[in-house]
Amino acid sequence: MHFTTLLIEPPGIDSQLINLMLAPEKFLVNKAECGPKAWNLIIESDPPDLVIVDTDLPLNGNVRIGASQLMELMSRRSGWRKIPKLVLTSDSSSSIFQQTTKKNVCAAILKPYDPRRFIQEVFNCIRKRLDAHIKEINRQHIQLGTQIKNITNMLNQGDTINFKNRLGTILAEIEDHFAFEEQYMSQHFYPDFVEHQKGHKQVLTNAAKLIDEICTSSPMIANQKIKQLSADLFDVTDDKKYIGFLYGLLESLTTHLKTVDFKE
């Protein structure tokens, strides 16, 4: 497995221990040892699969940024808002425990913590993130399919203006969907990424050509070309292979959780 993690943790034994625990599971850990550095990473970097943040961050120097400010920043950024967060704290009365259902905090763990509990919570968080990605892929497929049906209905109803306007935006929506898939494939070492990406480029090339032809064709020919566009877009072979890969990752996380020897 290859999952990216932002670890916001001051240098010391806890940071070393977390790195040791995550390394065997092939987590790619990006570290921020203080609030200002974490702030910059959140502003400048792509969102990871998981954020682990310690509330006991050093508050020294001219810029004082703590865990609460970082959580608020992430909640305001669209790419980071839904990223699962795992919070570590040494303060049992910390208000962060009251936020476990807010700002996508999956769990708050009181230090010192059992390493087995930590790993279990990490995998629970990643599992939720992966499940959310699968649901988003399916949602986008349904949305694109609905858009193509709407275009067909506009054509058949003679709604020429809306038909051409929607047709002009569908290519950008297809491109955004492919980019969404490819970013995840690249980050998680999908073995068929190169071939899948080539397929995406070919579909986009064909789609651009079909859309140009649809605009200048008779309604009957345009309908045939819209059907061809839909058939090219929803190539079930490649999509099934990718979804199978995602469910394989999900199953591996589920299996791992079943083998963790954790007791309350």
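Four helices and strands each supply at least two residues to the lining of the largest pocket: α4 (78-81), β5 (105-110), α5 (115-156) and α6 (160-187). The model is predicted. Among these contributors, α5 gives the largest share of the lining, seven residues. The pocket has a volume of about 690 Å³. In all, 23 residues line this pocket, and the closest to its centre are G79, K82, I83, R129 and F180. By class, the lining holds 10 nonpolar, seven polar and six charged residues.

Now turn to the second largest pocket. Its space comes to about 160 Å³. It is lined by 13 residues, of which H200, V203, L233, D235 and D238 are the closest to the centre. Here α6, α7 (193-215), α8 (219-233) and α9 (236-259) each supply at least two lining residues. The most come from α7, with four. The lining divides into three nonpolar, five polar and five charged residues.

Next comes the packing of helices. Two packed helices are described by the angle between their axes and the distance between the axes. Take α5 and α8. Their axes lie 10 Å apart, at an angle of about 175 degrees. Angles over 145 degrees count as roughly antiparallel, and α5 and α8 are therefore roughly antiparallel to each other. On the α5 side, the contact uses L144, I148, I151, T152, L155 and N156. On the α8 side, these residues meet P219, A222, N223, I226, S230 and L233. The contact has eight nonpolar and four polar residues, and no charged ones. L233 belongs to this contact and is also one of the residues closest to the centre of the second largest pocket.

A further pair lies earlier in the chain. Helix α2 spans residues 35-44, and helix α3 spans residues 67-76. What angle do α2 and α3 make? It is about 5 degrees, with the axes 10 Å apart. Angles under 35 degrees count as roughly parallel, so α2 and α3 are roughly parallel to each other. From α2, the residues in contact are G35, A38, W39, I42 and I43. They meet Q69, L70, L73, M74 and R76 in α3. Sorted by class, this contact has seven nonpolar, two polar and one charged residues.

How values were computed:
Residues are numbered from 1 along each chain as its sequence is written. This is a predicted model: local features need pLDDT of at least 70, side-chain atom pairs count only at pLDDT 80 or more; totals for chains, interfaces and linings use all residues. Side-chain values use heavy atoms; hydrogens and water are left out. Axes are lines fitted to C-alpha atoms, for helices over the stretch in contact, and angles run from 0 to 180 degrees between N-to-C directions. Angles under 35 degrees count as roughly parallel, over 145 as roughly antiparallel, 65 to 115 as roughly perpendicular and the rest as oblique. Contact means heavy atoms within 4.5 Å. Ala, Val, Leu, Ile, Met, Phe, Trp, Tyr, Cys and Pro count as nonpolar, Asp, Glu, Lys and Arg as charged, and the others, Gly among them, as polar. On a 1 Å grid over the protein atoms alone, a cavity is a set of points where a 1.4 Å probe fits but cannot get out, and a pocket is an open set with protein on both sides within 12 Å along at least five of seven lines; lining residues have an atom within 4 Å of a point. Grid points are joined across faces, edges and corners, and a volume is the space filled by probe spheres set on the points.
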